[in-house]
Structure formats: C-alpha cells, structure tokens
Amino acid sequence: MSTVKATRPLGPASRPRRRIKPVKIASFTALLLTTFLMLLPLFFMVSTSLKSKREMLKFPPTFLPESWAWSNYTDIFETLQFGTLYKNSLIIAGFSVFGTLLSSALVAYGFARYRGRGNNFWFILLLSTMMLPYPAIMIPQFVLFSKMQWIDTFLPLIVPAFFGSAYNIFLLRQFFSTLPEELFDAGRMDGCGELRMWRTIALPLSAPALATVAIFAFIYSWNDLLTPVLYLSSSDKFTLPVGMASLTSSRFRIPPWHLLMVASVLAMVPIVTLFAIAQKQFVEGIVLTGIK
Amino acid sequence: MFVIKSESRRQTFYMYLFISPWLVGFLIFALYPILSSLYYSFTDYDIIHPPQFIGLANYTEMFHNELFWRSVTVTLRYTFISVPVQLLLGLGFALLLHQTLPWRGFFRTAMYFPSMVSGVAMSLLWYWIFNPQIGLFNYMLSWFGIHGPAWLMNPDTALYALIIMSFWTAGSGMILFLAGLQGVPASLIEAANLDGAGRFRIFLNITLPMISPVLLFQLIMGLIDSFQVFTQAFVMTQGGPNYSTWFYVYNLYTSAFKEYRAGYSSALAWVLLIVVMLFTAVIMRLSRRYVHYEGGSRR
C-alpha cells in the first residue's frame, strides 16, 4: 500500500507545510530499511574479501575482519593471473566501447537527420532486433567465426560492436532528433560536409547521450560471460568473468570465499569508477531513454 | 518539382550512407545467422562435419526430451515470479523516491548500486550468501529463529534462491520508472487533487497510465532477459541440483557446445525465437487498450 501513499507529494510540492506528514516518515523508514538490505550484501562482499582463510569460514560471519588480510588483494594476482584477466577484459571492453560509440553514433545520425526512403521500415526492423535473443543466433555466428579462424582470438568479441547495437542506436537517435535543424542549416551555409557536421556539430552536443552509451557498452562487455566462454579457449586469453567463473570449479574442495569476494570487488571497480565520473550524464541519458 | 526530387534523393543517399554499418551488421550478424540456424535445425550437425539433413527429427525429439521440458518449466517458473516482482519493486522504489525526502540522492544511488554488480561477480557474491553453513542469508534468517535450507544444494529451493537474487537488481528498473515519473505533468495531478480525487485514484487514473509505456518496455525487456538466464546457472549451480535450475539457454548451450549437437541446439534456438516473438506480440496486442501515449498516437 506504500505505493498509494507515495503518489501524494507529486502534487502540492510547491506548498510546503510545517508538519511533517506521516506518509513521508513511513516512506523514509521504508527506504532506510530496503537500502540497508540492498547494501548489506555489498558490505559483506568487501568485508569478506579482507578476511583470512580461517575467518572466512566462521559462523556467524563477522561484520568486520578481525585482522585485515590486505594480502588477499595481492594473492589473487599471483594465484589467478588476475592481471592478465584484467588486461584482457579492459582491451576487449575498450575496443567494444569505441566500436559501439563510433558505429551507433553514425547510424543514429542517419536515422535521425535524413528522412530518406525506407527510413521507417529500417528503423522498425532495427527496433525489432532488440527482441532477438543472442542464443538464437550464436551457433551460426560461432560457425562463421570459426571458418574465419577467429576462435581463441578477441575478434569475435570486438568486431560485432563496430556494426552498431540496436538499443544504443535507438537512444542516440532520440537524442539527435532533439537537436535544432537551424544548427545544421548554419553549418551547411558555411560549406560544411555531412560527415563534418556529424563530427563537429552533433557529436559535441551529445556528450550526455554518448557517455550513457559508453557506460552501457562497457558494462555489457565487462560482464558478458557467454560469448567469451564460447570463443576463448586458452587461459591466457580469458576475460575476467571467465577466470572468475573458474574459481567456483571443483578444483577447490571448499570454495575460497575470501578470494571470490576479492575478485568480485575488483570486478566492480571499473564500473563504479565510470559511474562516479559520468553519473550526471548517465542519469540524464537514462531519463532520455526512459521517457519513450 | 525537380528540386524536391533531388532533395529527397540526397536525403536517401546520406541516410543509407550513415546507416550502412548497421545494415551490413544486420545482414552478417542477424539475418544470416537466423536463416542458417533455421537450416541447421533440420540437420544433424556437430559443427565439424557438414550438416546432414534429417527433416523434423530434431523437433520431434525435442518434444519427447525430458530435459527440454524441464528447461521450459524452470525458465517459465523463474520468469513468472521474477519479472512481475522485479517490476513491482522497481515501481515501488521509484514512487517512494519521487517524493521530496532527505537523502534522496543517496537512496537513489544505493538502490542502483547492486545493478552495477551484475554478471559473474553477482553470482559469486550470492553463491556465498546462500551458503548454508557460513552464508549471510541463513544467518539473517536465524535472527528470526528460522533454520534456513541448503538453498543452492537443495532441488526444492535452488530455483527460488536464484529468484530471490534477481530482486536485488530491481534498482535498474527503478531508474527507468523514476525517469517516467518525471515525465508526468504536475499540473494534471494538481487538477485532480482540486477535483477531490484521492491518492489511490490519482495513481490509478493519472500516474499509472502516464508511465505505462515505461512499464510496457520493461515488461517486454524483462521477459526477454529472463528467457535467456545463463550466467547464474553456469556459475552457481551448473543446472543442478537434480536439474532444478536447468534453464533453457543453459540447456541450449550444453547441447551445442558440450554434446556437439548444434542441429538439435538450433532447433531449440528457433523455438526460443518463436516463443519470444509470440510473447511480445501478445503483450503488445493486449497493451493497446491500456498503454497511453501522449497525443493519443501509438508508435
């Protein structure tokens, strides 16, 4: 029933009252409680990552480590070639982000600025590919890439990004459509070519949308497990998720929980950093997609 | 007349120039794979040797295969609980956070934070949380005097454990709902307020219709995502115990890349594709009556 109460302050927000409404107190308490529950696992992720091997097996789990085992964070680089995994993931994600930005921005611009013949048809087709489940196409793609001798290289994980992705194209198209036509008329008057207008007018004005796309593309590539599992076979080419997944394999009798948590914390670092840097743009960008 | 024609030609030319990366990608990475997977689905194919045409055999086998039906029930069970609850949670959080409250920014970030841990890291974390001896979940249950089960090791609870875990990322939906709520004009709500409408009526008759496009988008995307659960099954349970988390895509992956039956697996892929299209079509059809778009036009 909290949903009912919550709609209230939408309206007369402009008329503040002295008395704090009970609805607000209830909402605040509910938020406090759920946030606590949401953050608790994360708290334990960090705290367990700093526990000794002995302490990680204690029940009940200790909130804070008795002795802080900072060495876990160096150990993992030795036991798991974590450095290699990290580097591989960064290379793949870096190229994927670059490819996605480049291609999606070009395609979105084409859809947004030129009312060419077939615009609607292709755009609807593009949107419908969002519903295409990856598993439905993965076998022929695998056959295709193995014929090209791309197995056990990064290429199958990078190259498709250079052909645009539907969701990001959609997001950018919505953004490009809001840019005023006058800007481009002025550019045309100055003898600007079409590609140059894209680069010098549209792109600089779209920083928030581009930042959002970059974050989406990074998160997608960084977290992806299925594709690297399919295409990478030698362990020095593994990405972070593949290496981490191997941690739960049966070669350990008891899973090394403290190291699993170190891996999880380290895997989060780039995403959180990116989010912290681009948060404002990111939220703005999501608002753009969310509305329609 | 001539000028107009050349202008439309120019527009068409530049449109195709700019969208050509996607057009090429669509042909290579979508259309060609879909069609060849349709062909493979009628063959016996191990990826190494050329495919042998065997007609409908893969499809008939599928419908007699116990593991196929298991994967269907597991996936549907997960979907029908996880997707609606995630939507409700996301909407609930968004409504709470749409008010002017202290620490709003903190709450918003905190709720969204878990969504940044998706994938293998999240699976590893919850693998520990659900550990019956030392995990957080049973420890917290013990505060209330409940003796928790062995979650991931128990066929009766493993799927529910994964469902519970999925609620943790409801924050990503919340962000979209918040964006939607910001698009609801305050004037409409004030007007209704003046007319004496209660909170519940305002929510039902104004807020909900205004954010229905966001709801629809999330419902469809949520369904498609949950039909494709793979990481959790791969990292946490390997489809077990006793096939209780034998998700559809895990089944598909195993038949193609562990049993080298790419033909059979392609048949699975095509059934997935058809089911996704059917679900989407039915939801779109039903939603026509309920989803409101500004200006009254449907898109």
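The following exercises, with worked solutions, concern a predicted model.

**Exercise 1. Overall make-up of chain A**

Determine how many helices and strands chain A has, and describe its burial, contacts and surface.

*Solution.* 
Step 1. Chain A contains 14 helices and 0 strands.
Step 2. Chain A has 292 residues, and 57% of them count as buried.
Step 3. Among the contacts in chain A with a separation of 6 or more, 72% involve residues 24 or more positions apart.
Step 4. The accessible surface of chain A is about 13,300 Å², and carbon and sulfur atoms contribute 67% of that area.

**Exercise 2. Helices α4 and α11 of chain A**

Classify the packing of α4(A) and α11(A), and state which residues make the contact.

*Solution.* 
Step 1. Helix α4 of chain A spans residues 82-113 and helix α11 of chain A spans residues 207-223; their axes lie 8 Å apart at an angle of about 140 degrees.
Step 2. Angles over 145 degrees count as roughly antiparallel and those from 65 to 115 as roughly perpendicular. The pair α4(A) and α11(A) is therefore oblique.
Step 3. The crossing of α4(A) and α11(A) is right-handed.
Step 4. On α4(A) the contact residues include A:Tyr86, A:Leu90, A:Val97 and A:Leu101, while on α11(A) they include A:Leu210, A:Phe218 and A:Trp222.
Step 5. By class, the contact of α4(A) with α11(A) consists of 13 nonpolar, 4 polar and no charged residues.

**Exercise 3. Helices α9 and α10 of chain A**

Carry out the corresponding analysis for α9(A) and α10(A).

*Solution.* 
Step 1. The axes of helix α9 (residues 181-189) and helix α10 (residues 194-205) of chain A come within 10 Å and cross at roughly 140 degrees.
Step 2. This angle makes α9(A) oblique to α10(A).
Step 3. α9(A) and α10(A) form a right-handed crossing.
Step 4. From α9(A), A:Leu183, A:Phe184, A:Gly187 and A:Arg188 meet A:Glu194, A:Met197, A:Ile201, A:Ala202 and A:Leu205 of α10(A).
Step 5. The contact of α9(A) with α10(A) comprises 6 nonpolar, 1 polar and 2 charged residues.

**Exercise 4. The setting of A:Thr129**

Decide whether A:Thr129 is buried or exposed, and identify the residues that A:Thr129 touches.

*Solution.* 
Step 1. A:Thr129 belongs to helix α5 (residues 119-129) of chain A.
Step 2. The relative accessible area of A:Thr129 is 19%. Because buried means under 20%, A:Thr129 is buried.
Step 3. Leaving aside residues up to four places away in sequence, A:Thr129 touches A:Ala166 and B:Phe26.

Technical notes: Residues are numbered from 1 along each chain as its sequence is written. Chains are lettered from A and ligands numbered from 1 in the order in which they are written. This is a predicted model: local features need pLDDT of at least 70, side-chain atom pairs count only at pLDDT 80 or more; totals for chains, interfaces and linings use all residues. Side-chain values use heavy atoms; hydrogens and water are left out. Axes are lines fitted to C-alpha atoms, for helices over the stretch in contact, and angles run from 0 to 180 degrees between N-to-C directions. Helices (H or I, at least four residues) and strands (E, at least two) are DSSP runs, numbered from the N terminus. Angles under 35 degrees count as roughly parallel, over 145 as roughly antiparallel, 65 to 115 as roughly perpendicular and the rest as oblique. A crossing is left-handed if the near helix is turned anticlockwise from the far one by less than a right angle, and right-handed if clockwise. Contact means heavy atoms within 4.5 Å. Ala, Val, Leu, Ile, Met, Phe, Trp, Tyr, Cys and Pro count as nonpolar, Asp, Glu, Lys and Arg as charged, and the others, Gly among them, as polar. Buried means under 20% relative accessible area, exposed over 50%, partly exposed in between (1.4 Å probe, protein chains only). Accessible areas come from the Shrake-Rupley method with a 1.4 Å probe; for residues, only the protein chains shown count as cover.
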